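Colleague: I'd like to learn how to read side-chain contacts in a model. Could you walk me through a case?
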Amino acid sequence: MQEDNVNHPSHYTFGHVECIDAIDACMSSEAYRGYLKGNVMKYIWRYENKENPVQDLRKAQWYLTRLINTYGT
């Protein structure tokens, strides 16, 4: 099975818990949204300088979708 480096990188999971879920659980809603926004900005900022720019754009999209979902849509 091929690794999904955008949606579920194996190195982001410890046991049965993904890092993003642990971060969500330990932050306030406002702080978590700031974290997600920062990651969107990070991937957009540097995608043109990466070997695989589409992968970084997909990561930005993944974080943006997660940010949108915090508003209940």
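Colleague: How many aromatic pairs does the structure hold?

Modeller: Some ground rules before the count. This is a predicted model, where local features need pLDDT of at least 70 and side-chain atom pairs count only at pLDDT 80 or more, while totals for chains, interfaces and linings use all residues. Residues are numbered from 1 along each chain as its sequence is written, and side-chain values use heavy atoms, with hydrogens and water left out. In general, you describe a pair of aromatic rings by the distance of the centres and the angle of the planes. Rings of Phe, Tyr and Trp (its six-membered ring) pair if their centres lie within 6.5 Å; planes under 30 degrees apart are stacked, over 60 edge-to-face, and the rest tilted. The structure holds four such pairs. In one of them, Tyr 35 and Tyr 63 sit edge-to-face, 6.4 Å centre to centre with 80° between the planes.

Colleague: Which helices do Tyr 35 and Tyr 63 lie in?

Modeller: Helices here are DSSP runs (H or I, at least four residues), numbered from the N terminus. Tyr 35 is in helix α2 (residues 29-46) and Tyr 63 in helix α3 (residues 53-69), so this pair ties together parts 28 residues apart in sequence.

Colleague: How are the rings of Tyr 43 and Tyr 63 arranged?

Modeller: Stacked, because their centres are 5.9 Å apart and their planes at 15°. Tyr 43 belongs to helix α2 and Tyr 63 to helix α3, so that contact bridges parts 20 residues apart in sequence. One aromatic cluster takes in Tyr 32, Tyr 35, Tyr 43, Trp 62 and Tyr 63.

Colleague: Is Tyr 63 buried or exposed?

Modeller: Buried means under 20% relative accessible area, exposed over 50%, and partly exposed in between (1.4 Å probe, protein chains only). Tyr 63, at 8%, is buried, while Tyr 35, at 25%, is partly exposed.

Colleague: Now the charges: how many salt bridges are there?

Modeller: Side chains of opposite charge can pair when their charged atoms come close. The cut-off for a salt bridge is a side-chain nitrogen of Lys or Arg within 4 Å of a carboxyl oxygen of Asp or Glu. The structure has three. One of them joins Arg 66 and Asp 21 at 2.9 Å, N to O. That links helix α3 with helix α1 (residues 19-26), across 45 residues.

Colleague: And which residues share partners in one network?

Modeller: Asp 56 meets Arg 46 at 3.4 Å, N to O, and Lys 50 at 3.5 Å between the closest N and O atoms. Shared partners join Arg 46, Lys 50 and Asp 56 into one network.

How values were computed: Helices (H or I, at least four residues) and strands (E, at least two) are DSSP runs, numbered from the N terminus.
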